[in-house]
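This report describes selected features of one protein model, from its helices to its ligand site. Please keep the sequence and the structure in view while reading.

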Amino acid sequence: MRLMLLGCPGAGKGTQALFIKERYGIPQISTGEMLRAAVAAGTPLGLKVKSIMDAGQLVPDHIMIDLVNERIKEPDCEHGFLLDGFPRTIPQAEALAAANIVLDDIIEIVVEDEEIVKRMAGRWTHSASGRVYHEIYNPPQQPGKDDVTQESLIQREDDKEETVRRRLAVYHQQTKPLVDYYQTLSQNNKNQRPRYFSISGEGSVDEVKQKIFSILDAE
Ligand code: AP5
(Lines give C-alpha, C1' and ligand atoms only; values in the text may rest on other atoms or scores of the structure.)
Protein backbone atom coordinates (compact mmCIF):
# COMPACT_ATOMS: atom_id res chain seq x y z
CA MET A 1 0.00 0.00 0.00
CA ARG A 2 1.69 3.17 -1.21
CA LEU A 3 -0.54 6.08 -0.39
CA MET A 4 -0.41 9.81 -0.54
CA LEU A 5 -2.57 12.44 1.14
CA LEU A 6 -2.86 15.67 -0.83
CA GLY A 7 -4.48 18.84 0.45
CA CYS A 8 -3.86 22.39 1.58
CA PRO A 9 -2.32 23.25 4.96
CA GLY A 10 -4.81 22.33 7.67
CA ALA A 11 -6.98 20.14 5.45
CA GLY A 12 -6.64 17.35 8.02
CA LYS A 13 -3.85 15.27 6.46
CA GLY A 14 -1.98 14.74 9.74
CA THR A 15 -5.20 13.98 11.63
CA GLN A 16 -6.28 11.33 9.12
CA ALA A 17 -2.76 9.96 8.61
CA LEU A 18 -2.69 8.68 12.19
CA PHE A 19 -5.93 6.71 11.65
CA ILE A 20 -4.68 5.26 8.34
CA LYS A 21 -1.33 4.30 9.82
CA GLU A 22 -3.02 2.46 12.67
CA ARG A 23 -5.64 0.64 10.57
CA TYR A 24 -3.41 -0.48 7.69
CA GLY A 25 -0.10 -0.89 9.55
CA ILE A 26 2.00 1.34 7.29
CA PRO A 27 4.40 4.10 8.39
CA GLN A 28 3.44 7.74 7.96
CA ILE A 29 6.07 9.83 6.24
CA SER A 30 5.25 13.38 7.24
CA THR A 31 7.84 15.73 5.76
CA GLY A 32 6.59 18.56 7.98
CA GLU A 33 7.14 16.41 11.10
CA MET A 34 10.60 15.37 9.88
CA LEU A 35 11.59 19.00 9.34
CA ARG A 36 10.15 20.14 12.69
CA ALA A 37 12.12 17.36 14.45
CA ALA A 38 15.30 18.58 12.72
CA VAL A 39 14.57 22.17 13.81
CA ALA A 40 13.90 21.07 17.42
CA ALA A 41 17.15 19.05 17.48
CA GLY A 42 19.14 21.95 15.99
CA THR A 43 20.67 19.78 13.25
CA PRO A 44 22.34 21.42 10.20
CA LEU A 45 19.14 20.67 8.23
CA GLY A 46 17.02 22.21 10.99
CA LEU A 47 19.13 25.38 11.06
CA LYS A 48 18.83 25.68 7.29
CA VAL A 49 15.04 25.28 7.09
CA LYS A 50 13.72 27.01 10.23
CA SER A 51 13.34 30.50 8.77
CA ILE A 52 11.82 29.14 5.55
CA MET A 53 9.17 27.20 7.50
CA ASP A 54 8.42 30.06 9.88
CA ALA A 55 7.81 32.27 6.84
CA GLY A 56 5.36 29.71 5.37
CA GLN A 57 7.50 29.08 2.29
CA LEU A 58 8.53 25.72 0.82
CA VAL A 59 11.90 24.15 1.55
CA PRO A 60 13.96 23.72 -1.70
CA ASP A 61 13.05 20.65 -3.74
CA HIS A 62 16.51 19.04 -3.70
CA ILE A 63 16.54 18.95 0.12
CA MET A 64 13.07 17.38 0.29
CA ILE A 65 13.76 14.86 -2.47
CA ASP A 66 16.92 13.59 -0.75
CA LEU A 67 15.14 13.42 2.60
CA VAL A 68 12.23 11.35 1.29
CA ASN A 69 14.35 9.10 -0.94
CA GLU A 70 16.43 8.15 2.11
CA ARG A 71 13.37 7.63 4.33
CA ILE A 72 11.63 5.36 1.80
CA LYS A 73 14.67 3.06 1.71
CA GLU A 74 14.21 2.18 5.39
CA PRO A 75 12.96 -1.37 6.10
CA ASP A 76 9.63 -0.30 7.61
CA CYS A 77 8.61 1.05 4.17
CA GLU A 78 9.10 -2.29 2.43
CA HIS A 79 5.38 -3.12 2.43
CA GLY A 80 4.10 0.37 1.91
CA PHE A 81 3.90 3.85 3.38
CA LEU A 82 1.73 6.91 3.60
CA LEU A 83 3.13 10.16 2.24
CA ASP A 84 1.84 13.22 4.11
CA GLY A 85 3.13 16.54 2.77
CA PHE A 86 5.22 15.16 -0.10
CA PRO A 87 5.32 15.63 -3.06
CA ARG A 88 4.37 19.25 -2.89
CA THR A 89 5.68 20.53 -6.23
CA ILE A 90 5.84 19.11 -9.76
CA PRO A 91 9.65 18.57 -9.53
CA GLN A 92 9.12 16.56 -6.30
CA ALA A 93 6.48 14.38 -8.03
CA GLU A 94 8.79 13.89 -11.00
CA ALA A 95 11.63 12.86 -8.68
CA LEU A 96 9.39 10.23 -7.10
CA ALA A 97 8.55 8.85 -10.54
CA ALA A 98 12.23 8.93 -11.55
CA ALA A 99 13.03 6.81 -8.49
CA ASN A 100 10.46 4.26 -9.80
CA ILE A 101 8.14 4.81 -6.88
CA VAL A 102 4.61 4.21 -8.10
CA LEU A 103 1.81 5.27 -5.80
CA ASP A 104 -1.31 3.09 -5.49
CA ASP A 105 -3.78 5.65 -4.18
CA ILE A 106 -3.88 9.40 -3.83
CA ILE A 107 -6.54 10.91 -1.62
CA GLU A 108 -7.09 14.64 -2.01
CA ILE A 109 -8.81 16.27 0.99
CA VAL A 110 -10.55 19.47 -0.08
CA VAL A 111 -11.29 22.32 2.37
CA GLU A 112 -12.06 25.99 1.60
CA ASP A 113 -9.43 28.58 2.57
CA GLU A 114 -11.59 30.50 5.10
CA GLU A 115 -12.37 27.28 6.98
CA ILE A 116 -8.61 26.60 7.13
CA VAL A 117 -7.88 29.96 8.72
CA LYS A 118 -10.44 29.14 11.48
CA ARG A 119 -9.02 25.67 12.00
CA MET A 120 -5.40 26.71 12.34
CA ALA A 121 -6.14 29.29 15.03
CA GLY A 122 -7.38 26.47 17.29
CA ARG A 123 -4.81 23.78 16.48
CA TRP A 124 -2.72 22.24 19.28
CA THR A 125 -0.06 19.60 18.58
CA HIS A 126 1.74 16.94 20.60
CA SER A 127 5.15 17.28 18.99
CA ALA A 128 6.61 13.89 20.01
CA SER A 129 3.81 11.84 18.39
CA GLY A 130 2.35 14.23 15.80
CA ARG A 131 -1.13 13.91 17.38
CA VAL A 132 -3.18 17.01 16.56
CA TYR A 133 -6.15 18.52 18.33
CA HIS A 134 -8.46 21.45 17.84
CA GLU A 135 -9.86 23.52 20.73
CA ILE A 136 -13.41 23.16 19.41
CA TYR A 137 -13.56 20.51 16.65
CA ASN A 138 -11.29 17.85 18.15
CA PRO A 139 -10.50 18.82 21.76
CA PRO A 140 -8.10 16.91 24.01
CA GLN A 141 -9.68 15.31 27.10
CA GLN A 142 -7.81 17.83 29.29
CA PRO A 143 -7.15 21.31 27.82
CA GLY A 144 -3.51 21.71 26.72
CA LYS A 145 -2.55 18.07 27.45
CA ASP A 146 -2.01 15.09 25.14
CA ASP A 147 -4.62 12.33 25.67
CA VAL A 148 -2.07 9.50 25.70
CA THR A 149 1.00 10.90 27.50
CA GLN A 150 -0.56 13.89 29.35
CA GLU A 151 2.42 15.94 28.07
CA SER A 152 1.88 19.59 27.17
CA LEU A 153 0.59 20.51 23.72
CA ILE A 154 2.16 23.29 21.67
CA GLN A 155 0.98 25.77 19.03
CA ARG A 156 3.03 25.81 15.83
CA GLU A 157 5.06 28.91 14.88
CA ASP A 158 3.60 28.84 11.37
CA ASP A 159 -0.05 28.86 12.52
CA LYS A 160 -0.30 32.66 12.86
CA GLU A 161 -3.07 33.93 10.57
CA GLU A 162 -0.72 35.91 8.32
CA THR A 163 1.56 32.88 7.84
CA VAL A 164 -1.39 30.55 7.27
CA ARG A 165 -2.62 32.84 4.47
CA ARG A 166 0.86 32.81 2.93
CA ARG A 167 0.97 28.98 3.15
CA LEU A 168 -2.42 28.81 1.43
CA ALA A 169 -1.16 31.07 -1.38
CA VAL A 170 1.94 28.89 -1.76
CA TYR A 171 -0.32 25.81 -1.86
CA HIS A 172 -2.48 27.23 -4.65
CA GLN A 173 0.53 28.30 -6.67
CA GLN A 174 2.95 25.40 -6.21
CA THR A 175 1.07 22.34 -4.92
CA LYS A 176 -2.39 22.57 -6.54
CA PRO A 177 -0.88 21.79 -10.02
CA LEU A 178 -0.33 18.27 -8.62
CA VAL A 179 -4.10 17.69 -8.82
CA ASP A 180 -3.96 17.88 -12.63
CA TYR A 181 -0.62 16.08 -12.77
CA TYR A 182 -1.87 13.03 -10.84
CA GLN A 183 -5.37 12.97 -12.35
CA THR A 184 -3.82 12.89 -15.82
CA LEU A 185 -1.32 10.21 -14.77
CA SER A 186 -4.13 8.11 -13.32
CA GLN A 187 -6.27 8.39 -16.48
CA ASN A 188 -3.39 7.60 -18.82
CA ASN A 189 -1.97 4.62 -16.98
CA LYS A 190 -3.16 1.22 -18.21
CA ASN A 191 -2.99 -0.28 -14.72
CA GLN A 192 -4.80 2.82 -13.40
CA ARG A 193 -2.12 3.52 -10.82
CA PRO A 194 -2.25 5.77 -8.97
CA ARG A 195 -6.00 5.78 -8.37
CA TYR A 196 -7.08 9.35 -7.64
CA PHE A 197 -9.85 10.21 -5.15
CA SER A 198 -11.03 13.64 -4.11
CA ILE A 199 -13.13 13.98 -0.94
CA SER A 200 -14.47 16.90 1.05
CA GLY A 201 -12.62 17.43 4.32
CA GLU A 202 -15.34 19.67 5.75
CA GLY A 203 -17.36 17.06 7.67
CA SER A 204 -16.40 15.96 11.17
CA VAL A 205 -13.06 14.22 11.76
CA ASP A 206 -14.96 10.94 12.06
CA GLU A 207 -16.95 11.48 8.83
CA VAL A 208 -13.76 12.19 6.88
CA LYS A 209 -12.12 9.10 8.41
CA GLN A 210 -15.05 6.89 7.34
CA LYS A 211 -14.86 8.21 3.75
CA ILE A 212 -11.15 7.39 3.59
CA PHE A 213 -11.59 3.92 5.11
CA SER A 214 -14.35 3.07 2.64
CA ILE A 215 -12.05 3.98 -0.26
CA LEU A 216 -9.09 2.02 1.07
CA ASP A 217 -11.12 -0.97 2.29
CA ALA A 218 -12.47 -1.41 -1.25
CA GLU A 219 -8.92 -2.05 -2.50
P1 AP5 B 1 3.41 20.40 7.01
O2 AP5 B 1 3.66 20.02 8.40
O3 AP5 B 1 3.30 19.34 5.97
O4 AP5 B 1 2.16 21.35 7.01
P5 AP5 B 1 0.91 21.43 6.04
O6 AP5 B 1 0.79 20.69 4.79
O7 AP5 B 1 0.87 22.89 5.85
O8 AP5 B 1 -0.14 20.69 6.80
P9 AP5 B 1 -0.54 20.89 8.24
O10 AP5 B 1 0.26 20.00 9.12
O11 AP5 B 1 -0.54 22.37 8.60
O12 AP5 B 1 -2.06 20.49 8.16
P13 AP5 B 1 -2.77 19.08 8.03
O14 AP5 B 1 -3.41 18.96 6.70
O15 AP5 B 1 -1.88 17.98 8.49
O16 AP5 B 1 -3.95 19.35 9.07
P17 AP5 B 1 -4.19 18.79 10.56
O18 AP5 B 1 -4.56 17.36 10.51
O19 AP5 B 1 -3.08 19.22 11.47
O20 AP5 B 1 4.54 21.41 6.48
C21 AP5 B 1 5.01 22.49 7.27
C22 AP5 B 1 6.10 23.23 6.52
O23 AP5 B 1 7.21 22.33 6.23
C24 AP5 B 1 5.72 23.77 5.12
O25 AP5 B 1 5.10 25.03 5.22
C26 AP5 B 1 7.09 23.82 4.43
O27 AP5 B 1 7.84 24.93 4.84
C28 AP5 B 1 7.77 22.57 4.94
N29 AP5 B 1 7.56 21.39 4.08
C30 AP5 B 1 6.97 20.21 4.47
N31 AP5 B 1 6.93 19.33 3.44
C32 AP5 B 1 7.52 19.97 2.39
C33 AP5 B 1 7.77 19.60 1.05
N34 AP5 B 1 7.42 18.40 0.57
N35 AP5 B 1 8.37 20.50 0.25
C36 AP5 B 1 8.77 21.71 0.70
N37 AP5 B 1 8.55 22.13 1.97
C38 AP5 B 1 7.93 21.28 2.81
O39 AP5 B 1 -5.53 19.62 10.92
C40 AP5 B 1 -5.49 21.03 11.11
C41 AP5 B 1 -6.42 21.40 12.28
O42 AP5 B 1 -7.77 21.12 11.92
C43 AP5 B 1 -6.17 20.59 13.59
O44 AP5 B 1 -6.38 21.44 14.69
C45 AP5 B 1 -7.22 19.47 13.54
O46 AP5 B 1 -7.60 19.03 14.85
C47 AP5 B 1 -8.37 20.17 12.82
N48 AP5 B 1 -9.17 19.26 12.00
C49 AP5 B 1 -8.72 18.19 11.27
N50 AP5 B 1 -9.75 17.60 10.62
C51 AP5 B 1 -10.86 18.34 10.92
C52 AP5 B 1 -12.23 18.24 10.54
N53 AP5 B 1 -12.67 17.29 9.70
N54 AP5 B 1 -13.08 19.17 11.03
C55 AP5 B 1 -12.65 20.15 11.88
N56 AP5 B 1 -11.36 20.27 12.29
C57 AP5 B 1 -10.48 19.39 11.81
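The model is predicted.

**Helices α7 and α8**

In the contact between these helices, H172, Q173, Q174 and T175 of α7 meet P177, L178 and V179 of α8. The residues of this contact comprise three nonpolar, four polar and no charged. Helix α7 covers residues 161-175 and helix α8 covers residues 177-188. The two pack at an angle of about 35°, and their axes are 5 Å apart.

**Helix α4**

Helix α4 consists of 12 residues, 61-72.

The buried residues of α4 are I63, M64, I65, V68, R71 and I72. Their cover includes the strands β2 (28-30) and β3 (81-84), together with the helices α2 (31-41), α3 (44-54) and α5 (90-98). An α-helix has 3.6 residues a turn, so residues three or four places apart point the same way.

**The ligand**

The ligand is surrounded by 37 residues, and the closest are T15, Q57, R123, Y133 and R167.

| Residue | Ligand atom | Distance |
|---|---|---|
| T15 | oxygen | 2.5 Å |
| R36 | oxygen | 2.9 Å |
| Q92 | nitrogen | 2.9 Å |

**K209 in helix α9**

K209 belongs to helix α9, which spans residues 205-217. Is K209 buried or exposed? Its relative accessible area is 18%; because buried means under 20%, K209 counts as buried. Apart from neighbours within four places in sequence, K209 is in contact with Q16 and F19.

**P140 in a loop**

P140 is placed in the loop between β6 (131-134) and α7. Its relative accessibility is 15%, so P140 too counts as buried under the 20% limit. Which residues does P140 contact, leaving aside its neighbours within four places in sequence? They are Y133, K145, D147 and L153. Y133 is also among the residues closest to the ligand. Between P140 and E22 there is a separation of 118 residues in sequence, while their C-alpha atoms are 19 Å apart in space.

Terms used
Residues are numbered from 1 along each chain as its sequence is written. This is a predicted model: local features need pLDDT of at least 70, side-chain atom pairs count only at pLDDT 80 or more; totals for chains, interfaces and linings use all residues. Side-chain values use heavy atoms; hydrogens and water are left out. Helices (H or I, at least four residues) and strands (E, at least two) are DSSP runs, numbered from the N terminus. The expected span of a helix is 1.5 Å times one less than its number of residues. Buried means under 20% relative accessible area, exposed over 50%, partly exposed in between (1.4 Å probe, protein chains only). Contact means heavy atoms within 4.5 Å. Axes are lines fitted to C-alpha atoms, for helices over the stretch in contact, and angles run from 0 to 180 degrees between N-to-C directions. Ala, Val, Leu, Ile, Met, Phe, Trp, Tyr, Cys and Pro count as nonpolar, Asp, Glu, Lys and Arg as charged, and the others, Gly among them, as polar. A residue is near a molecule or strand if one of its heavy atoms lies within 4 Å of it. A polar contact is a pair of N or O atoms within 3.5 Å; within protein, one must be able to donate a hydrogen and the other to accept it, and residues adjacent in sequence count only if both atoms are side-chain atoms.
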